[in-house]
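I'm jotting down what I look up as I go.

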There are 2 protein chains.
Amino acid sequence: MKIQSVAAELSLKRSVDSGTDEQRMAVRNIIQGVRSDGDAALLAYTKQFDKAQLDHLKVTELEIEEAYNEFPEEMIEVIRQAADNIYTFHEKQLRETWTYTDSSGTILGQKMTPLDSVGVYVPGGTAAYPSSVLMNVLPAKVAGVKRIVMTSPPGADGCLPAGVLVAAKICGVQEIYKVGGAQAIAALAYGTESIEPVDKITGPGNIFVALAKREVFGTVDIDMIAGPSEIVVLADDSARPAEIAADLLSQAEHDTRASSVLVTPSQKLAEETAKEVESQLNDLPRASIARESIENYGAIYVTKDMKEAIDVVNGLAPEHLEVMTENAMDVVKDIRHAGAIFVGRFSSEPIGDYFAGPNHVLPTNGTARFSSPLNVDDFMKKSSLIIYSEQSFNENFKKIAAFARLEGLEAHARAVEIRKA
Amino acid sequence: MKIQSVAAELSLKRSVDSGTDEQRMAVRNIIQGVRSDGDAALLAYTKQFDKAQLDHLKVTELEIEEAYNEFPEEMIEVIRQAADNIYTFHEKQLRETWTYTDSSGTILGQKMTPLDSVGVYVPGGTAAYPSSVLMNVLPAKVAGVKRIVMTSPPGADGCLPAGVLVAAKICGVQEIYKVGGAQAIAALAYGTESIEPVDKITGPGNIFVALAKREVFGTVDIDMIAGPSEIVVLADDSARPAEIAADLLSQAEHDTRASSVLVTPSQKLAEETAKEVESQLNDLPRASIARESIENYGAIYVTKDMKEAIDVVNGLAPEHLEVMTENAMDVVKDIRHAGAIFVGRFSSEPIGDYFAGPNHVLPTNGTARFSSPLNVDDFMKKSSLIIYSEQSFNENFKKIAAFARLEGLEAHARAVEIRKA
């Protein structure tokens, strides 16, 4: 692993994959196909892309029960506990409607309402993670969303992975469709004979899914478009190189484009961690993925002091940040940009991926500068409340009419003035 | 104004304008131009589109001072009071960092941090509204955003409207650039020699601005892409037809594509309101705009009872909703989708446009189903905090490792296990 002092041009940023013109065109054609031909288009695309010959899209109750009954009992228990932790954390995010009354009797406020319906996209193949189901569905449940729909591409055998169905059952999702790719996003946004449209689509996916989400954004809401995953470890000599290396590698095994970075003022820690990465790497089942990721997007930055190290972290705005330093909570105070912050040696990042409670859907690729983890607010909306009193009206109507006329909107001014006593 | 019973196919929805292929291409070329040529491109586009020959983009302190000093003093006072009201309302939205500790000593939480920088786009010409400046800038101020930048296209004389500069000064915005259109959005997203990039862009604009925002979304955050404005009035016989008509017309004068709708169980109210709309319409300075809007997108729906009327309102999910009924607060409880809800006869919608305090940037075109008024959360981001205790670790590491292996991620499992005592 490369050790370097802080470069002038410092960035995690891999280019955002915005697709080729061919991919964009293909996605627009698929969306158009689903809008005109509905279920028939979904079945045809599923045959074409997933090699699955289906005659209906909806997963049956029996399929869910079978998956659940054949699943290892102890893993069901683990998923249940994770679900409990995730639910408990997200409950703290839930906000109530509030109002206040001013001295003239005017009431102003903010009414909180859950979305009516949400579609959760679950990618297929090896990326069909039960933990994704928990992390996308449970905040929506906490928010109070009544209709939660899942879609996922089937295998060539026409089935969805058992783990995904088990996680759906644990979360109480009953409406699941075997459809993936841009066609699933189109169905969720516009509806077909068998799939009612939803108000918002969340969940990760490949480039076609990402392009389709970008395309339907506005007709429905979407979550952020996720990039490859990344971790930054901020550590000093109080941290253990073997543990840092293991955490860096847990990120690197995700994807050849994942990024793992250590930022430290300690040359010694840098060198020992680099050695540990080498020695742990070879022995991993996904060693070739992890190695490519480390070589292309891994780095160890040695800074002149902790202050510079913190600046580097804020510059990178990482998805996951681990802080393993003396006085870690003081360091955390100065962190401005990070999706999730793991503090101390017992807060290894995979604990957050599965179990601790906070969401693992996090802003990637530097977008922690302006984005948040998936959270309950993403599944609710606010409505402003304005209950103007007669006294406020009498005191202010002339000013309001004057403001309207300043902007050249006479009918606005008259709508106010017509109410004067 | 047409009076009709509730149609099967009920919708406010005007098609979202997603631009022609030529417009999309033009916007992509402009963005590319700004990315390669920076300020030179901005000056060239400003000459081409705004007919203004500038040699620098930044508004000088002197220009702001002159606009302020020449502005009517009583209007400055009105804008100041509006700003105070808006600031006070948005302060109630501000949320603090929170944490909690579980019985095993693990601390979980949510850290709140303002964005570093925000760009506010202010449209040019007659749509250059001082109220837009207040509504976009003040929530960012409340959030604690340190750098707030404004851009707006200059007139052919190279100047920005005085009202916009005055509102900017009242809000404490000093960094203002004379640039509009897709080129302004590109500059805010990617930066040029004289404009540092920002983390988020808000504010309304024409189709080129909307397409450019959609294009840069992901590199920076954006607010929703706004459609034409709309109002729904939900009323019974306790309401006054003349006041309803005035409010409907205040919406209709905005734009020929604006939509004004009355929903009522009262045939009498429907008829009287239709008459009032006719008689008030002719006398408006913007009568031709208002008339076209009312003819194309105006409607009066007569329902069989209040329950059906509420269902109609929820189906429309209006940007602005006025409730002028008996027991209005009971009615409001059943409203699920609306950007802002105005209750009672003294809560005429223009009061919310300018003065009451809640934001006037609201979800349009049915997007109140899933979107919220612009608010302080839009200018902050959350970071999850995970401080796992040794006790939690010892109790749970085996489960977490098992979950990781279930998903085929061995390095995740080992990162946890390497910490066991």
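First thing I wanted to know: is A:His412 buried or exposed? A:His412 comes out buried, with a relative accessible area of 0% (buried is under 20%, exposed over 50%, partly exposed in between, with a 1.4 Å probe and protein chains only).

Ground rules before going further. This is a predicted model, where local features need pLDDT of at least 70, side-chain atom pairs count only at pLDDT 80 or more, and totals for chains, interfaces and linings use all residues. Residues are numbered from 1 along each chain as its sequence is written, chains are lettered from A and ligands numbered from 1 in the order in which they are written, and side-chain values use heavy atoms, with hydrogens and water left out.

**A:His412**
I placed A:His412 in helix H16 (residues 410–417) of chain A; helices here are DSSP runs of H or I, at least four residues, numbered from the N terminus. Then I listed its contacts (heavy atoms within 4.5 Å), setting aside neighbours within four places in sequence: A:Ala404, plus B:Ser250, B:Glu253, B:His254, B:Pro350, B:Asp353 and B:Tyr354 from chain B.

**The annotation**
I checked UniProt: the unreviewed entry marks A:Gln251, A:His254, A:Asp353 and A:His412 as "binding site", and such annotations may be inferred rather than shown by experiment. These positions span 162 residues of sequence and are spread in space too, up to 56.4 Å between C-alpha atoms.

**A:Gln251**
I found A:Gln251 in helix H9 (residues 241–252) of chain A. A:Gln251 is also buried, at 0% relative accessibility. Its side chain reaches the backbone nitrogen of A:Glu230 at 3.3 Å. Beyond four places in sequence, A:Gln251 touches several residues, including A:Ser229, A:Ile231, A:His320 and A:Glu349.

**The two chains**
How many residues of chain B are in contact with chain A? I get 116, in contact with 116 residues of chain A. The buried area between them is about 10,600 Å², with carbon and sulfur atoms giving 61%; that is the accessible area (1.4 Å probe) that two parts lose on being put together, summed over both. On the chain B side, B:Phe346, B:Phe403 and B:Arg419 lose the most area to chain A, together 8% of what that side buries.

I then superposed chain B on chain A: a rotation of 180 degrees with 0.0 Å of shift along its axis does it, RMSD 0.0 Å (least squares on the C-alpha atoms of residues with pLDDT of at least 70 in both). That is the relation of a two-fold axis. In chain B, the C-alpha of B:Arg214 is nearest the axis, 4.1 Å from it. The copies meet through the same surface, since 100% of chain B's interface residues are also interface residues in chain A.

Notes. Helices (H or I, at least four residues) and strands (E, at least two) are DSSP runs, numbered from the N terminus. A polar contact is a pair of N or O atoms within 3.5 Å; within protein, one must be able to donate a hydrogen and the other to accept it, and residues adjacent in sequence count only if both atoms are side-chain atoms.
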